[in-house]
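Visitor: Hi! Could you walk me through this structure while I have it open on my screen?
Guide: Happy to, just ask away.

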Amino acid sequence: MSRSIFVNLPVRDLPASTAFFEKLGFEKNPQFSDENASSIVFGENVFAMLLTHDYFATFSAKPIADARAETAATLALSADSREEVDRIADAALAQGVAEPKEAQDHGFMYGRSFNDLDGHHWEVVWMDPAALEQS
């Protein structure tokens, strides 16, 4: 049985956050989306559940952290090529979000980062398959 991952993220403006990820080339799954949540599909078994603050609060008694001021996690997403890394990061930055650090180019691995509309830190990374085979 293959596993899936669902990353639940609190968002201030659900329509704007949904549109942000759609502009990066990802699709919303309407089957698991409503006025409280948008299911964003990153891959066959990888999803982000964008949740309104009120709905997110039903899952935890802890207060919702302000990701614009604090980092609770970094979310890493693999890419199929260096060009895809650049396409995704450039599409995010074109929407006016911050790039929290410079591109990282190690030859066999290339990555860029961006903060989404709510400040969640995303990393997009490509690794050379030939380098992985040598490990």
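Visitor: Which residues is His-120 in contact with, leaving aside its neighbours within four places in sequence?
Guide: His-120 is in contact with Leu-9, Pro-10, Ala-67, Leu-75, Phe-114 and Asn-115. Keep in mind that this is a predicted model.

Visitor: Where does His-120 lie?
Guide: Look in the loop between E7 and E8.

Visitor: And is His-120 buried or exposed?
Guide: Buried: the relative accessible area of His-120 is 11%, and the cut-off for buried is under 20%.

Visitor: How many residues apart along the chain are His-120 and Arg-68?
Guide: They are 52 residues apart along the chain, while their C-alpha atoms are separated by 7.2 Å.

Visitor: Let's turn to pockets. Which residues lie nearest the centre of the largest pocket?
Guide: His-120 turns up again here, together with Pro-10, Ala-65, Ala-67 and Ala-72. In total, 19 residues line the largest pocket.

Visitor: How much space lies in that largest pocket?
Guide: About 360 Å³.

Visitor: Which strand gives the largest share of the lining?
Guide: Strand E1, residues 5–11, with three residues.

Visitor: You mentioned Leu-51. In which strand is its place?
Guide: Leu-51 sits in strand E4, residues 46–52. Leu-51 counts as buried, at 2% relative accessibility.

Visitor: And which residues is Leu-51 in contact with, again skipping neighbours within four places in sequence?
Guide: Asn-8, Leu-9, Pro-10, Val-11, Asn-36, Ala-37, Phe-56 and Phe-59. As for Arg-12, its C-alpha is 8.5 Å from that of Leu-51, and the two are 39 residues apart in sequence.

Visitor: Where is the place of Arg-12?
Guide: In the loop between E1 and H1. Arg-12 counts as partly exposed, at 44% relative accessibility.

Visitor: What is Arg-12 in contact with, leaving aside neighbours within four places in sequence?
Guide: His-53, Asp-66, Arg-68 and Asp-118. The C-alpha atoms of Arg-12 and His-53 are separated by 6.4 Å, although the two are 41 residues apart along the chain.

Visitor: On to helices. Which residues of H1 are buried?
Guide: Leu-14, Ser-17, Thr-18, Phe-20 and Phe-21. Seen down the axis of H1, these buried residues fall within an arc of 155°, so they line one face of the helix.

Visitor: Which residues are exposed on the other side of H1?
Guide: Pro-15 and Lys-23.

Visitor: Why would spacing matter for a face like that?
Guide: An α-helix has 3.6 residues a turn, so residues three or four places apart point the same way.

Visitor: Which residues are buried in H3?
Guide: Val-85, Ile-88, Ala-89, Ala-91 and Ala-92. Down the H3 axis, the buried residues fall within an arc of 160°, so they line one face of this helix.

Visitor: What do the buried residues of H3 pack against?
Guide: Helix H1 (14–23), plus strands E7 (109–115) and E8 (121–127).

Visitor: What span should H3 have?
Guide: At 1.5 Å a residue, the 12 residues of H3 (residues 82–93) should span 16 Å, and the end C-alpha atoms are 16 Å apart, which agrees.

Visitor: Last one: what does UniProt list for residues 3–127?
Guide: An unreviewed UniProt entry lists them as "domain: VOC". That span is 21% helix and 36% strand, and its end C-alpha atoms lie 22 Å apart.

Definitions and conventions: Residues are numbered from 1 along each chain as its sequence is written. This is a predicted model: local features need pLDDT of at least 70, side-chain atom pairs count only at pLDDT 80 or more; totals for chains, interfaces and linings use all residues. Side-chain values use heavy atoms; hydrogens and water are left out. Helices (H or I, at least four residues) and strands (E, at least two) are DSSP runs, numbered from the N terminus. The expected span of a helix is 1.5 Å times one less than its number of residues. Buried means under 20% relative accessible area, exposed over 50%, partly exposed in between (1.4 Å probe, protein chains only). The arc is that of the directions from the helix axis to the C-beta atoms. Contact means heavy atoms within 4.5 Å. UniProt positions are given in the numbering used here, feature names are shortened, and annotations may be inferred rather than shown by experiment. On a 1 Å grid over the protein atoms alone, a cavity is a set of points where a 1.4 Å probe fits but cannot get out, and a pocket is an open set with protein on both sides within 12 Å along at least five of seven lines; lining residues have an atom within 4 Å of a point. Grid points are joined across faces, edges and corners, and a volume is the space filled by probe spheres set on the points.
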